[in-house]
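Look at the structure shown here and follow a few of its helices in turn.

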Amino acid sequence: MSEPVITVTNVVTRFGPNLIHDHISLTVGQAEIYGLLGGSGAGKSTLMREMVMLLLPQEGEITILGTALSTISRADAAALRRQWGVLFQGGALYSSLTVAENIGITLKEYTDLSANLIGDIVAMKINMVGLPAQAAELYPAELSGGMVKRVSLARALAMDPQLLFLDEPTSGLDPVGAEAFDHLILKLRDLLGLTVVMVTHDLDSIWTIVDRFAVLGDQQVVAEGTLAEVRKNSHPIVQDFFGGARGRIRSLGAVTK
Amino acid sequence: MATLSLVLIGFLDVQNGNQYTESRYPDSLFLSFKLGKKLMNGTSSHKGWIEFIDTQGGMTITSRGDWVIEGLRDVDRKLEQLVHKTRKVPVQWDVSGVERVDSAGMMLFIRYYDLLVLNNCTLEIIGAKGEFDKMYRLLRQYVAGPPAVGAALSSRLLRLLHELGKGFVSFFMDMVAFLSFLGENFIILLLALRHPLSIRYGAIVKNIEEAGVRAMPIIALTSFLIGVVIAYQGAVQLEKFGAHIFIVDMISISVTRELAPLITAIVVAGRTGSSYTAQLGVMKITEEIDAMRTMGFDPLHFLVLPRIVALMIVMPLMIFFADMVGILAGMFISNIHLHLSYGEFLRRLQVALEVKHVWIGIFKGPFFAWLIAAVACFRGFEVSKSTESIGRYTAISVVNAIFLVIACDALFSVLFTELHI
């Protein structure tokens with residue numbers, strides 16, 4: 001594995017009396033698609049919120065692209081925010097802006113590119129995530145769930161980030177749409193050399209696109225590694241995850257293949 | 001008000017304190033935005049750079065440096081100017097000096113490549129290296145149409161007309177939709193009258209309480225103040241003629257016939273109309289209204305009809321209440337300012353105030369109520385999926401309701417005068 005892009009070291013998170021993370025550590029490598037797994041309430045999304053500086057852990061350190069988040073300066077934080085794109089679970093598109101404006105907002109605010117060029121870039125990104133060109137003038141309220149995810153991805157990609165954070169990118173999509181979305185992420189990673197961190201509990205995504213992943217449970221990282229490595233792990237949470245009916249069907253498919 | 005907001009801020013602070021460490025990073029969108037811009041100009045040491053050389057029967061474009069998002073402004077501007085005056089010439093574009101390129105830089109290249117081709121230039125690209133070439137192939141497949149070009153002046157003028165026409169058509173469609181909403185409601189009313197047991201009496205009573213009883217304090221306050229204002233203005237004028245006693249006529253007729261209905265309607269439009277729109281709008285966003293439809297509960301029957309009926313019942317009562325408070329206020333002021341005793345005032349009131357004036361004021365009540373409730377519910381149903389539209393339609397609803405009430409009042413004025421009532 002090359003130089004790690006993200007390292008999480010001994011992170012402790014508490015919400016009042018509830019302990020969410022108890023000294024967890026993990027690393028994400030360059031150009032890797034890294035999954036964060038776990039049941040509901042295992043603290044996957046919380047960990048991601050800590051990585052994107054929406055939440056400060058009580059203890060421990062998170063280092064992203066060589067910058068430690070606990071002692072980051074304003075200028076470094078601003079620079080770092082431009083290195084990543086975040087896709088929120090619900091899309092979090094600005095409801096008062098059109099699709100094109102949503103995608104182009106960072107280009108408009110942060111760069112001095114001309115409006116025509118921004119228009120071209122936005123049109124290309126819309127095309128890249130597989131949306132029809134007419135979608136540009138629509139408002140978020142007029143989009144379907146799958147389109148919202150795609151627009152949100154295009155917005156996350158607007159500034160050519162090195163890092164992409166995806167919070168349950170395929171939840172709420174139909175299986176066909178989810179698979180297409182997975183392939184899109186895979187393609188973008190291969191083409192642009194992105195490092196992708198995704199929160200997911202979609203077993204199909206884990207089988208098809210995730211390179212390495214961590215399973216969160218009992219406030220710990222119970223397993224980390226590639227699919228083959230993790231499946232050998234005998235921890236009950238891991239076994240429950242892959243031993244359930246849905247997991248078994250997939251395993252059989254993998255064996256007969 | 002100030003203390004209230006201070007208390008609120010304090011409350012929020014306490015809330016935040018309990019809420020562990022939400023967003024304690026150096027943050028604030030505005031600040032990072034400013035820093036972002038500054039940062040960008042600072043870091044781009046190898047800005048994108050471009051040069052044009054006219055050669056015999058052609059042109060050479062040489063580009064160098066980092067063609068990344070931060071430093072493309074100059075290149076963009078120069079190429080823009082170039083494209084305007086370059087037509088039908090062979091162009092050699094040397095890109096071998098380009099070090100880094102990202103998708104914005106590549107889009108810039110593709111944009112002006114395409115524009116030059118549109119201008120009938122023949123292009124030859126020299127020295128496209130690995131990264132440049134890879135990026136080009138990647139993005140080229142996603143470039144859909146011809147590059148976007150800013151609108152010319154004539155089309156901007158046309159756009160003004162276009163917007164005007166669109167505005168008019170949408171206004172007209174709005175009217176049609178409102179009329180069909182009213183028609184639909186009338187049908188629902190007739191159906192409800194055929195099956196009186198299906199009417200939601202509970203909802204009607206609850207709405208009467210909400211829109212009427214709870215509005216009594218504010219109605220009392222506003223109509224009291226109106227009475228005071230009229231009495232003061234009248235007293236000063238009438239005192240000049242020594243016609244003190246006519247203050248009674250002035251107050252009683254103007255308040256009962258015009259002012260009490262109008263003020264009540266405006267307060268109700270602001271208070272109840274806006275809440276109707278917001279309530280129905282939120283129900284629309286949370287899909288409650290769709291859920292009702294699938295269960296066979298007609299929202300017009302269950303939500304709209306009780307609101308309209310309740311307001312139509314309670315409005316005349318509120319107007320009568322406002323009449324009394326307004327006249328009472330006038331009586332106080334006459335006593336204080338003109339030294340007109342209460343007994344004299346009341347005796348004059350019996351002579352001066354014909355009962356028809358009171359009836360005309362009250363008669364307007366149901367019409368105003370119908371307009372306010374119908375327009376508020378109509379706007380509530382127009383709310384779309386976005387949260388922003390609730391605010392927009394609530395504002396529209398209040399403005400529409402107040403306008404309609406005043407227009408209706410003007411109509412009644414003309415009508416009653418012509419009928420010599």
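**Helices and their contacts**

In chain B, helix α8 runs over residues 216-241, which makes 26 residues. From its first C-alpha to its last it reaches 37 Å, close to the 38 Å expected at 1.5 Å a residue. The model is a predicted one. The helix α8(B) also has a bend of about 30°, located at Ala235(B). Just after α8(B) comes Gly242(B), which takes a positive phi of about 70°.

Which residues of α8(B) are buried? They are Ile219(B), Ser223(B), Ile226(B), Gly227(B), Ile230(B), Ala231(B), Gly234(B) and Ala235(B).

Next come two pairs of helices in chain B. Helix α3 (residues 73-85) and helix α4 (residues 103-118) of chain B pack with their axes 10 Å apart, at an angle of about 5°. Angles under 35 degrees count as roughly parallel, and α3(B) and α4(B) are therefore roughly parallel to each other. On the side of α3(B), the contact is made by Val75(B), Asp76(B), Leu79(B) and Val83(B). The residues of α4(B) that take part are Leu108(B), Tyr112(B), Leu115(B) and Leu116(B).

The second pair is helix α13 (residues 355-382) and helix α14 (residues 388-418) of chain B, whose axes come within 9 Å and cross at roughly 150°. Angles over 145 degrees count as roughly antiparallel, and α13(B) and α14(B) are therefore roughly antiparallel to each other. Among the residues that make the contact are Phe367(B), Phe368(B) and Leu371(B) of α13(B), and Leu404(B), Val405(B) and Phe412(B) of α14(B). The crossing in which α13(B) passes α14(B) is right-handed.

Now turn to chain A, where Leu153(A) is found in helix α5 (residues 145-157). Why does Leu153(A) count as buried? There are 25 C-beta neighbours inside 10 Å of Leu153(A), and a residue is buried if it has 20 or more. Leaving out residues up to four places away in sequence, Leu153(A) touches Leu87(A) and Val129(A). In sequence, Leu153(A) and Gly91(A) are 62 residues apart, and in space they are 8.4 Å apart, C-alpha to C-alpha.

Key. Residues numbered from 1 in each chain as written. Chains lettered and ligands numbered in written order. Predicted model: local features only at pLDDT ≥ 70, side-chain atom pairs only at ≥ 80, totals over all residues. Helix = DSSP H or I, 4+ residues; strand = E, 2+ residues; numbered from the N terminus. Expected span 1.5 Å × (residues − 1). Bend = angle between axes of the 7 residues up to and from the residue. Buried ≥ 20, exposed ≤ 12 C-beta atoms within 10 Å, placed from the backbone. Axes fitted to C-alpha atoms, helices over the stretch in contact; angles between N-to-C directions. Parallel < 35°, antiparallel > 145°, perpendicular 65-115°, else oblique. Left-handed = near helix turned anticlockwise from the far one by under 90°. Contact = placed C-beta atoms within 7 Å.
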